[in-house]
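Please look at the structure below and follow the paragraphs through it, from a pocket to the cores and then to a helix.

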Amino acid sequence: MNDQKSITIYVDADACPVKAEIYRVAERYGVKVYVVSNSFMTIPRDPMIERVIVSDGFDAADDWIAERAMRGDVVVTADIPLASRCVKAGADAISPTGRAFTEASIGNTLATRNLMDELRSAGQITGGPRPFSPKDRSAFLSALDLAIVRLKRAGFTV
């Protein structure tokens, strides 16, 4: 039981399609949110939502999040290497499509991502991911809600 650590949501925000959903869930639970990007973006006027602008260096936002994420935190990212770093640190990581990255799945996910990256570099694959859908948005909301409920049950506070 850990009643000292508050649940925090870190958002890899530059290409995140579910920021509005994150703000709604965070407001419902009273959870602090860090919206991390390397450019200015508008966020709600809410003391629980904080904008963090990092340098535009390669992986600067990822590094900022990975250096802080720990058990009791939720990281929202489509970036598989960042998700891997956060899961290894004990944080929950969720993609904007609602896929929860876990210790059991992250190794295979990272290997698949690296293979696909190599195939794309070699010109073998030219298509990208499928378009983001309302079903993805719904799955994300469910996954984020579930992650926060599980953390609260584990003794983390809001």
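β5 (92–94), β6 (100–101) and α5 each give at least two residues to the lining of the second largest pocket. Helices here are DSSP runs of H or I with at least four residues, strands are runs of E with at least two, and both are numbered from the N terminus. A pocket is an open set of points on a 1 Å grid over the protein atoms alone, where a 1.4 Å probe fits, with protein on both sides within 12 Å along at least five of seven lines; lining residues have an atom within 4 Å of a point. Of the 15 lining residues, D92, A100, F101, T102 and R150 lie nearest the centre of this pocket. The largest share, 4 residues, comes from α5.

This is a predicted model: local features need pLDDT of at least 70, side-chain atom pairs count only at pLDDT 80 or more, and totals for chains, interfaces and linings use all residues. Residues are numbered from 1 along each chain as its sequence is written, and side-chain values use heavy atoms, with hydrogens and water left out.

The largest nonpolar core has 27 residues, and I9, I22, V33, V35, L144 and I148 have the most contacts inside it. Such a core is a set of buried Ala, Val, Leu, Ile, Met, Phe, Trp, Tyr and Cys residues joined through side-chain atoms within 4.5 Å; buried means under 20% relative accessible area with a 1.4 Å probe, protein chains only. α5 gives the most to this core, with 6 residues. A second, separate core of 15 residues includes V52, A61, A66 and L82.

In helix α2 (residues 60–68), the buried residues are A60, A61, D62, W64, I65 and A66.

Conventions:
Buried means under 20% relative accessible area, exposed over 50%, partly exposed in between (1.4 Å probe, protein chains only).
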